[in-house]
Amino acid sequence: MNKKKVMFIIPHLGSGGAERVVANLCKGLADYERIVLIFENIIKHNVEAGIISLNSPASQSLFRKLLNFPIRYFKIRKIKKEIDPDFVISLLEPANLFNVLTKLSNQKTILSFHSNYTATLQEDPFFGKGITRSILKTFYTLAFKTIYNRADLLVAVSKDVAEDLIKNYGINSNKVKVIYNPYPIDEIGELAKEPLGSYEEIFKHPVLITAGRLTKQKGQWYLLRVFKALKEKHKDLKLVILGEGELKDYLVKLSEELGLKTYVWDRDVLSDSFDVYFFGFQKNPFKFIARSKLFVFPSLWEGFGNVLVEAMACGVCVVSSDCRSGPREILAPNTDFNYQTQKSEFAEYGVLMPVFEVKYKTAKEPLEEKEMMWIETIDKLLEDESLRKHYSEKAKRRAEDFRIEKIVEEWKEVLK
């Protein structure tokens, strides 16, 4: 029998969470023929699939966006006809929009949603300012209500994302299914054991670590301010930040203005004499995470929070903001996913913390109440080794629920 064909559509295969999901699904769906269609030729993952690039890069220019639209539309429709996949799964915008607009009757169209769009439209700088933001907000809201219901299925990466689609965008609830993201738990475990090489000396000190793009959504500036206060008591403490992004210069400057000796991956000579380490993008982040005392996640909004599960698979105690959406479903799955804590919550599988305000901070501004809560909670965890060990063991057990083999079975039920 011929294998069924699955085509994935995603803007690119860079270092983001949705891109890792595509790589993991391609690995897990080995008994399907897999094709990945990308808009621009950015590939940072080993993907077990054929890759087709439209060579149509993203642009901040509204004029260029409008020009790209018909070009992408006709190219995608042509490729769908030529390859004739049984299922077409798209992830992220604008891939979801193009997927449903180019829908063919003999192919099952599946849109995968990785964001709480209410939070994203409100806060994400991608949507610009003033009139541009208003136009894009109106466009996306209308697109959800009038176009996306034409898809055969909408897969949400969390219950909160699913509820947002149904309640705020008029999506037919019968077409929405929640499937959590898949993770190669065994592979993460092996990668976590890799030697640190030149980074070894740094991790002989106690380390707080975080990972994610250096972007507004991730709120790393709050972690820098929290870390500065923790250094007053924990003199030997280090902070490692993994990731690249547009806020690099702001975060480095803030770190230095806080009086922290700051290492930057493309500027400095590595040694263990720094306080804060910006390591940039790392192909294997797990070897760093596994050797850290705590994984700290100050995100202001999320869709799921892939790196939380990855850190848990490394057996590290997690401290996360209780942001929309994902962290509560991961760390406190037996609680109401709509609830958001206003104080430290030592949940079943990790620690949930109040979400910070979406507002940039300077080095001179006094610490706010929420920052003080984070400082006290992280201090408690640094002091209490038995509590860290408790959460480390619980984290590894919880990560098993997201094992790629288990999640792929849920996808196979959809791909029938």
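With which side chain does the side chain of K231 make a polar contact? The partner is D275, at 3.1 Å. A polar contact here is a pair of N or O atoms within 3.5 Å; within protein, one must be able to donate a hydrogen and the other to accept it, and residues adjacent in sequence count only if both atoms are side-chain atoms. The model is predicted, so local features need pLDDT of at least 70 and side-chain atom pairs count only at pLDDT 80 or more, while totals for chains, interfaces and linings use all residues. Residues are numbered from 1 along each chain as its sequence is written, and side-chain values use heavy atoms, with hydrogens and water left out.

K231 belongs to helix α8. Helices (H or I, at least four residues) and strands (E, at least two) are DSSP runs, numbered from the N terminus. K231 is buried, with a relative accessible area of 13%. Buried means under 20% relative accessible area, exposed over 50%, and partly exposed in between (1.4 Å probe, protein chains only). Leaving aside residues up to four places away in sequence, K231 touches D236, L237, L260 and D275. Contact means heavy atoms within 4.5 Å.

Residues 248-257 form α9, in which K248, L251, V252, L254 and S255 are buried. Seen down the axis of α9, these residues fall within an arc of 160°, so they line one face of the helix. The arc is that of the directions from the helix axis to the C-beta atoms. D249 and K253 are exposed on the other side of α9. The cover over the buried residues includes α8 (220-231), β10 (262-264) and β11 (276-280). After α9 comes G259, with a positive phi near 85°.

Two lysines lie over aromatic rings. The charged end of K248 sits over the ring of W265, 4.5 Å from its centre. K261 lies over the face of F274, at 5.0 Å from the ring centre. The criterion is NZ of Lys or CZ of Arg within 6 Å of the ring centre and within 35 degrees of the ring normal.

Rings also pair with one another. Rings of Phe, Tyr and Trp (its six-membered ring) pair if their centres lie within 6.5 Å; planes under 30 degrees apart count as stacked, over 60 as edge-to-face and the rest as tilted. By this rule there are 27 aromatic pairs. F144 and Y169 form a tilted pair, 4.6 Å centre to centre and with 40° between the planes. This pair links helix α5 (residues 130-146), which holds F144, to helix α6 (residues 159-169), which holds Y169, 25 residues apart. F144 is buried at 0% relative accessible area, and Y169 is buried at 4%. The rings of F304 and F402 have centres 5.8 Å apart and planes at 65°, so the pair is edge-to-face. F304 lies in the loop between β12 (294-297) and α11 (306-313) and F402 in the loop between α14 (385-399) and α15 (404-414), so the pair ties together parts 98 residues apart in sequence. Ring pairs also join Y199, F203, Y263, F274, Y277, F279 and F288 into a cluster.
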